[in-house]
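Reader: Can we go through the salt bridges here? Keep it brief.

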Amino acid sequence: MQIAILLYDRFTALDAVGPYDVLGRLPGAQLRFVAAEPGRKRTEQGNLALVADAPLDEHPHPDIVVVPGGFGSRALLEDAAVLGWLREAHAHSRWTTSVCTGSLLLAAAGILDGVEATTHWLARDELAALGAVPVPDRVVQRGKVMTAAGVSSGIDMALHLAALEGGDMVAQAIQLGIEYDPQPPFDAGSPDKAPAELVELLRGLGAENA
């Protein structure tokens with residue numbers, strides 16, 4: 001099973017690493033980080049980098065495509081090489097997935113036209129402007145397209161996908177193996193739960209972690 005995770009400059013670390021830690025544990029998984037130009041790709045915070053060791057054209061038809069979000073995603077919304085690869089990969093994939101504002105790239109490639117999808121809550125209007133139908137759910141599956149909301153939801157999405165590929169027991173074994181048992185100290189992880197003044201503060205800052 002070939003899994004390709006797209007990297008680019010200024011991606012969000014957990015958007016890529018969360019699904020990597022889950023999907024890379026599936027039996028038979030062959031996971032690669034790919035990019036338009038191979039090499040080190042730094043996260044949006046700048047002090048961490050992952051290595052994309054394969055160009056896009058070496059993996060034109062992966063079984064699973066994962067597109068992380070990040071501030072750098074906006075720079076690719078008209079990138080012919082990346083969008084063309086996404087269209088071709090999606091035409092042959094078993095699953096085409098995104099985390100956070102990675103869904104903006106799927107939408108820019110025409111994959112989400114008229115399709116319900118999710119993204120970081122601060123980017124829903126952008127997603128709608130690109131032709132998708134934003135919904136607030138944490139993980140959204142429509143056919144073979146699976147999108148996850150902001151950052152940490154990529155782990156949830158990957159576990160959903162692991163269950164579909166390997167069965168519930170495999171997915172649960174992966175969950176237990178990574179000890180994914182969230183118990184956050186605050187119940188402020190979505191705009192529906194967070195204090196209104198905090199939501200407005202982040203809106204004002206334009207602080208999508210994507």
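Author: Start with D156, which forms a salt bridge with R138, the closest N and O atoms being 2.7 Å apart. D156 sits in helix 5 (residues 153–166), and R138 in the loop between strand 9 (133–134) and strand 10, 18 residues apart. Helices (H or I, at least four residues) and strands (E, at least two) are DSSP runs, numbered from the N terminus.

Reader: What counts as a salt bridge?

Author: A side-chain nitrogen of Lys or Arg within 4 Å of a carboxyl oxygen of Asp or Glu. By this rule there are 9 salt bridges.

Reader: What's the model's origin, and which cut-offs apply?

Author: The model is predicted: local features need pLDDT of at least 70, side-chain atom pairs count only at pLDDT 80 or more, and totals for chains, interfaces and linings use all residues. Residues are numbered from 1 along each chain as its sequence is written, and side-chain values use heavy atoms, leaving out hydrogens and water.

Reader: Back to D156. Buried or exposed?

Author: D156 is buried, at 17% relative accessible area. R138 is partly exposed, at 37%. Buried means under 20%, exposed over 50%, partly exposed in between (1.4 Å probe, protein chains only).

Reader: Which residue pairs with R142?

Author: E116, with the closest N and O atoms 2.5 Å apart. R142 lies in strand 10 (residues 139–142) and E116 in strand 8 (residues 116–117), so the pair ties together parts 26 residues apart in sequence. R142 is partly exposed at 34%, and E116 is partly exposed at 33%.

Reader: Which residues are linked in a network?

Author: D63, R94 and E165 are linked by salt bridges.
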